[in-house]
Amino acid sequence: MGGGMAMHLAFRFHQDLAGVFALSSFLNKDSAVYQALKRNESALPELFQCHGTADELVLYSWGEETNKMLKSLGVSTSLHTFPNLNHELNRTEIEKLKSWIVKKLPVEAPKANE
C-alpha cells in the first residue's frame, strides 16, 4: 500500500510536491483523499501511475478507477497499463518511472568554480 500512502500524503498534506507515483496501487471508493480534493483550490502534484492488467492482488480496475476519480477532481494523471503483468515490476515500467522522475527534478545550477 505504498502507493496509496503516497497519494494520501501528496494530495492531502504535501500539495507542494512536483509529483507522486503509485505502482499497482489504488484508493478506496470513499477515500479521504477524494474528500480533501473536493475542497481543494490549490495546484496539485502530478500523478504517475502504472498497473498490470493481470494483477490479481490489486485489481487493474481498482487502479483505473482511482485514476479516473483523481482526474475528475483536478489531478493531472497518467496511467501506464502493462498487459499480462501481475503484481510485479518490469523493466519498461521502471524505465518509464525513471524518465518521469528525471523530468521532475530541478535543473542544477552551474557551479561557480566551473
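Tutor: The buried residues of α3 pack against α1 (2–13), α2 (32–38), β2 (46–52) and β3 (77–82), where helices (H or I, at least four residues) and strands (E, at least two) are DSSP runs, numbered from the N terminus. This is a predicted model, in which local features need pLDDT of at least 70 and side-chain atom pairs count only at pLDDT 80 or more, while totals for chains, interfaces and linings use all residues. Residues are numbered from 1 along each chain as its sequence is written, and side-chain values use heavy atoms, with hydrogens and water left out.

The residues of α3 that are buried (under 20% relative accessible area, with exposed meaning over 50% and partly exposed in between, for a 1.4 Å probe and protein chains only) are Y60, G63, T66, N67 and L70. Seen down the axis of α3, these residues fall within an arc of 125 degrees (taken from the directions from the helix axis to the C-beta atoms), so they line one face of the helix. On the other side of α3, K68 and S72 are exposed, and the helix is followed by G74, whose phi is positive, near 100 degrees.

L70 also belongs to the largest nonpolar core, which has 14 residues, and is listed with M7, F11, L37, L47 and V75 as having the most contacts inside it; such a core is a set of buried Ala, Val, Leu, Ile, Met, Phe, Trp, Tyr and Cys residues joined through side-chain atoms within 4.5 Å. Helix α1, strand β1 (19–23) and helix α2 each supply at least two residues of this core.

Technical notes
Contact = heavy atoms within 4.5 Å.
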